[in-house]
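Here is a note on a protein model, written for a reader who is new to structures. Please keep the sequence and the picture side by side while going through the numbered points.

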Amino acid sequence: MSVLDGVNSPKDIKKMNTDQLNELCSDIRKLLISTVSHTGGHLASNLGVVELTVALHKVFNSPTDQIVFDVGHQCYTHKILTGRKDKFSTLRTENGISGFTRPDESEHDIFSSGHSSTSISAAVGLARAKRIKGEKGKVIAVIGDGALTGGLAYEALNNSGNDNSNMIVILNDNNMSISKNVGSMAKVFTTFRTSPRYVTFKSKIQRGLARIPKIGAQISRTFTLVNAKIRKMVYHETFFEDMGFRYYGPIDGHDIEALIDVLNVAKVHNHSVLIHINTVKGRGYNPAEKNPTQFHGIGKFDVNTGEPISSGENFSSTFGKAMCNFAKNDGRICCVTAAMAEGTGLNEFSRLYPERFFDVGIAEQHAVTFSSGLARNGMIPVFAVYSTFLQRSYDQLVHDVSMQGLKVVFGIDRAGFVGEDGESHQGIYDTSFLNSVIGLTVFAPSYFDELQAMFYEGIYKTDGAVAVRYPRGKERFRPNNYEYKHEAYSVFGNITAKTVLITYGRLFSECYQAMEQLNDVCVFKLNKIKPIDDSIYSLMMKAEKIFFVEESIKSGSVGEIFGCGLSEHGVSAKFFHIAINDEFVKQASVESQMKKYKLDCNSIIEEVKNAQK
C-alpha cells in the first residue's frame, strides 16, 4: 500500500512527517506520468510543482485558505490531494475532470484559469473581499515565471504590494523565463529568516521593544527600518521588495522541509508576502527534464521512451515550413510568437533565421503592437498565435493594426474545436471578433497546400492586414482531383440544386461527404471568409434551403454575416445556421464535439433530410 492510497483529502497529510511527505511526492509523480501518458496533458509543469503543492496543503487549510494557480494547468497534484484521486484517470476526457482548475468541479478550485497571468489580480480581489467581510484565511497565488511575462501580472503587483492583506504570492521560477537567482548570500539569509527560532525570537524582540515607555514605538520603527535596509542590501534591492512585498527566496522548490518552513512564516505575516522558489520542470521523469518544452503540453506518449504515440505532418508544421520558404526568398519576413514557438511550428524558423524570429513571452498584446512597429518600418511580420490567445489582443488589432493600415499577417492556429483542453482553449470566437476589424482579410484553408497558397496570397497579393485561420491537427477527407484555384469561393455539385451547403475550413470535408449521400444538394466552400465576395449571392437565387455550417459561436460569426447578406440581396431561400449557440464547449475529443454540435457528416445529412421533409 502506497502513502498516496491513504490520501483522500488535504486533512490526510496534516500529520505526515517529512519522510512520508517525500514518499507521497514520489507516488504522485508515478500517477502523473502514468495518467498523462494515456490522456495527454501538461506534464512537465505539474512534475515541477509536486512538492510545492503538497507543502501548501500541509500548511494551509483549503478552501478556507484559497489557492489560485497560474496557469491552472499546473493543478494536477492539487486535484489528486483534494478528493479527485480516484477520478484522475478521466483527466481531460469527456465527462471527466478538467485539465485546469474549475470551481464547479471542486470547492478547492477557487478560480478558473486557462489563460496565464491572472492569478495575482484574482488573489487581490479575493483577499480584499475577505477583509471587507471579515472572513478568515489567506489567499495564495501560485504563478510560474512564464506567466510573469504577461503584463496583467505587473498591473496586479502594482495594485497589491503595499496592501496589508492576507495575500501570499509564490513565484515558481523554473528558469524558463526570468533571470538568475540573487546569489548564495541571499540563500543563506533566507534560510536564517525562515527558521522557526528566528521568527519566534524576532517576534519577541519586537513585542518587547514596543512595551518600553515613551521610546518603545520609535525604537520598534527603527528596528523595522534597519531590517528592511539589510534585506535590500542582501537581495540587491529586489524588484518585489520595492513593490511593497516582504520577499523570501530563493527557496529550493523540491525541499519539503524548506517549503513548509517558509510557508509557515508567510502564514503568520499581516503583510503581503512573495516567496521565490526554484523548481525543475519535468522533475522526476528524465524525458520531461531533458525536453520540458515538448512535455509542457503533450499528447499520448510511451512512458518508457517518452516518444509521442502519434506524430507526422499537421497544419502547424506546414505553417512553419511555409514561413521558412518565404523567409528564404524574402528578407522582410519575420515571425513573432507569444511563448509558443514549438506549438505553432516555428522551431525550425527560429533556428534558421534567429535575427528575424521574436518570442515575446506570454504577451499577446505586446506581440501585436510590436508587429505593427516592424510593419511600419518595412518588415512583413507574421504573428503565429492560437485562436484562444489572439482574443487577448483585440484592442491592438483595432487600434495598432487596422486603424493604422499596417501589413501585419496573423497565423491563427487551433481555430475551431481543440478537444480535450476544454472551454478556455476552444478556437470558436475569433471569426466573430475578426469580423469587426476594419480592412482585415481572413482566409480559411481546408488543406495543407491551401494553407501555403493562402499565406502567399495574403502576404503578396492582398492589401492591408491578413489572417489565415487553420485547425489543430491533420487534414481530413479530400475529394479526388481537388485543387485550390485562388478563388474567393468554390462550388461543388450541381449549382442549380435546391439545397445549398455553405462552409469553410475543415468542415468542407464533412459537407462534401454529406453532399455525396444527399439528393439535389451542392456545396459552396468559402476560401476567403472576410470579406465575403458579393457575387456568391446571385448564385443562391433559385435555392430553396440554405445551410451555413461552421465551427464557431453563432453571434457575430461568418454565418450570421452571410445570412444578413442573403436578405440584403433579396435571396428568399429558407436559411439554417448550424453552429454553436451561446455556451462554452466542454472538453471532449474533437470528433465528439463535432457530433454534439451537429457539425459532422452524419449530423449534417440528418439536418438536411429533416428540413426536406
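Where is the place of Asp520? Asp520 sits in the loop between helix H20 (507–516) and strand S14 (521–526), where helices (H or I, at least four residues) and strands (E, at least two) are DSSP runs, numbered from the N terminus.

1. Before the details, a word on the basis of the note. This is a predicted model, in which local features need pLDDT of at least 70 and side-chain atom pairs count only at pLDDT 80 or more, while totals for chains, interfaces and linings use all residues. Residues are numbered from 1 along each chain as its sequence is written, and side-chain values use heavy atoms, with hydrogens and water left out.

2. The overall picture comes next. The protein has 24 helices and 17 strands, and of its 613 residues, 57% count as buried; here buried means under 20% relative accessible area, exposed means over 50%, and partly exposed is in between (1.4 Å probe, protein chains only). Among the contacts with a separation of 6 or more, 75% are accounted for by residues 24 or more positions apart, a contact being heavy atoms within 4.5 Å.

3. Two backbone positions have a positive phi without being glycine. Asp520, in the loop named above, has a phi of about 55 degrees, and at 41% relative accessibility Asp520 counts as partly exposed. His486 has a phi of about 60 degrees and is found in the loop between strand S11 (466–469) and S12; at 45% relative accessibility, His486 is also partly exposed.

4. Cis peptide bonds deserve a look as well. The bond from Ser62 to Pro63 is cis, with omega near 10 degrees, and Pro63 is in the loop between helix H3 (50–59) and strand S1 (66–70). The bond from Lys530 to Pro531 is cis too, with omega near -5 degrees, and Pro531 lies in the loop between strand S15 (528–530) and helix H21 (535–538).

5. Which residues touch the most other members of the largest nonpolar core? Of the 60 residues in that core, they are Phe319, Met323, Phe349, Phe417, Phe455 and Leu501, where a nonpolar core is a set of buried Ala, Val, Leu, Ile, Met, Phe, Trp, Tyr and Cys residues joined through side-chain atoms within 4.5 Å. Helix H13 (residues 315–329) gives the largest share of this core, seven residues. Apart from this core lies another, of 52 residues, among them Phe60, Leu259, Ile275 and Ile277. If neighbours within four places in sequence are left aside, the contacts of Phe417 include Gln426, Arg506, Glu551, Val590 and Tyr597.

6. Val491, Ile495 and Leu539 make a nonpolar patch of about 190 Å²; patches are made of residues with over 30% relative accessible area and no salt bridge, like charges being joined within 9 Å and nonpolar side chains (Val, Leu, Ile, Met, Phe, Trp, Tyr) within 5 Å. Val491 lies in strand S12 (residues 489–492) and is partly exposed, with a relative accessible area of 31%.

7. Side chains of opposite charge can pair when their charged atoms come close. The structure holds 23 salt bridges, each being a side-chain nitrogen of Lys or Arg within 4 Å of a carboxyl oxygen of Asp or Glu. In one of them Lys79 pairs with Asp109, the closest N and O atoms being 3.8 Å apart. Lys79 lies in helix H4 (residues 76–84) and Asp109 in the loop between H4 and helix H5 (119–133), so the pair ties together parts that are 30 residues apart in sequence. Lys79 and Asp109 are both buried, and together with Arg84 and Glu105 they are linked in a network of salt bridges.

8. Finally, the cysteines. A search of the whole structure finds zero disulfides, a disulfide being a pair of cysteine sulfur atoms within 2.5 Å. Cys601 counts as buried at 10% relative accessibility, whereas Cys564 is partly exposed, with a relative accessible area of 42%.

Technical notes:
Accessible areas come from the Shrake-Rupley method with a 1.4 Å probe; for residues, only the protein chains shown count as cover.
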